[in-house]
Amino acid sequence: MTTFHLPPTGPIPTSSRDLGKSHTQSGWRISTHKHPICNAAEINTMTSELGIAPPEMIFGNNAVRITHLASGFTVSFTAQDALDVVDKTGATMLKVAYSEEWQKMREKLSEEIKDVIRPFDWSYSSSWKGRVEGGTMELKEVGEDQGIPYEKLRRPDPILLFDEVVLYEDELADNGIALMSVKVRVMPERLLVLQRFFLRLDGVVIRIRDTRVYVEFATGDVVREYVSKETKYEDVKKVDLPFHCLTT
């Protein structure tokens, strides 16, 4: 059964209700929290706490959480956690494989953006994999295609809950897009959470950083997979992908 609810932790906007969802299955509670974009006061607070300017569209009250009720073991995904691991020196941005192209693009940006990018990675590229806390359950870290049984996820099982939550988004001064979002899918015997950071910097690079958390209810197995990929923008265009693949 899917219900509307207020988030158990974190700031709660007073001007709107939570449009997230909640479902309990086989001893696990899966919840999503969806609120409007942060207001000025919330943005100021986040800026102070993070030490960097947040993206254009920051949904600081949004979250996805999966909790094992018996033990309290929880994996959660929030914007503030994801942004807190963004490089705050700019060093990582300058060391990417296409640093010359990045520099050329930076020179074309507005003065306002130039001011912003000096102290940190203005692409908001995050390697965050989710906050794990509580309980004594083991979370198994695996590489790509090493531990998640995708053949089970391809089965036409009933979908008990599906939701997508945006954590933050920025159009990079009209030069592309940086987007962090989380999708969750719950089936009778298992669940999957996918957090994806997607970066498209026009003429420069396409970058994807995926974190998947898979839970098999019958065995209690919890598996986390992190995959990071990137390639030159022009190389993606050469394979003639549909336009939406470069925009979303």
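## A partly exposed lysine

Lys229 is partly exposed, because its relative accessible area is 47% and that class lies between buried (under 20%) and exposed (over 50%), using a 1.4 Å probe and protein chains only. Its salt-bridge partner is Glu144, and their closest N and O atoms are 3.0 Å apart. A salt bridge here is a side-chain nitrogen of Lys or Arg within 4 Å of a carboxyl oxygen of Asp or Glu. The pair links distant parts of the chain. Lys229 sits in strand β12 (residues 221-232), while Glu144 sits in the loop between β7 (139-142) and α6 (150-153), 85 residues apart. Glu144 is partly exposed too, with a relative accessible area of 39%.

## About the model

This is a predicted model: local features need pLDDT of at least 70, side-chain atom pairs count only at pLDDT 80 or more, and totals for chains, interfaces and linings use all residues. Residues are numbered from 1 along each chain as its sequence is written, and side-chain values use heavy atoms, with hydrogens and water left out.

The term pLDDT is the predictor's confidence in each residue, from 0 to 100. The protein has a mean pLDDT of 83, and 78% of its residues reach 70 or more. Over residues 1-15 the pLDDT is below 50. That stretch has 33 contacts in the model beyond near neighbours in sequence. A contact means heavy atoms within 4.5 Å. Residues 109-118 also have pLDDT below 50, with 11 contacts beyond near neighbours in sequence. Where pLDDT is low, the predicted coordinates should not be read in detail.

## The whole protein

The protein has eight helices and 12 strands. These are DSSP runs numbered from the N terminus: helices are H or I with at least four residues, and strands are E with at least two. Of the 248 residues, 48% count as buried.

Residues 24 or more positions apart account for 62% of them. The protein exposes about 12300 Å², and carbon and sulfur atoms supply 51% of this area. The areas come from the Shrake-Rupley method with a 1.4 Å probe; for residues, only the protein chains shown count as cover.

## More salt bridges

Side chains of opposite charge can pair when their charged atoms come close. How many salt bridges does the count come to? The count is 15.

Two of the pairs join strand β12 to strand β11. In one, the side chains of Glu230 and Arg207 meet at 2.8 Å, N to O. Glu230 lies in β12 and Arg207 in β11 (residues 205-216), so this pair ties together parts 23 residues apart in sequence. Arg207 counts as buried at 2%.

In the other pair, Glu225 bridges to Arg212, with the closest N and O atoms 3.5 Å apart. Glu225 is in β12 and Arg212 in β11, so parts 13 residues apart in sequence are tied together. Glu225 counts as buried, at 1% relative accessibility. Arg212 is buried as well, with a relative accessible area of 16%. Elsewhere, a network of salt bridges links Lys152, Asp157, Glu189, Arg190 and Glu216.

## Strand β8 and its partners

Strand β8 (residues 161-170) is mostly covered. Seven of its 10 residues are buried. Which strands pair with β8? Strand β3 (residues 57-58) is joined to β8 by two bridges, and they run antiparallel. Strand β9 (residues 176-186) is joined to β8 by nine bridges, also antiparallel. Two strands pair if DSSP finds at least two bridges between them.

In β9, the bridge partner of Tyr168 is Met180. The hairpin of β8 and β9 has five residues between the strands, and Leu172 in this hairpin takes a positive phi near 50°.

## Two other positive phi angles

Ser26 is not a glycine, yet it has a positive phi of about 55°. Where is Ser26 found? Ser26 is in the loop between β1 (22-25) and β2 (28-33). Ser26 is partly exposed, with a relative accessible area of 47%.

Tyr124 is not a glycine either, and its phi is positive at about 60°. Tyr124 lies in the loop between α5 (111-117) and β6 (131-133). At 4% relative accessibility, Tyr124 counts as buried.
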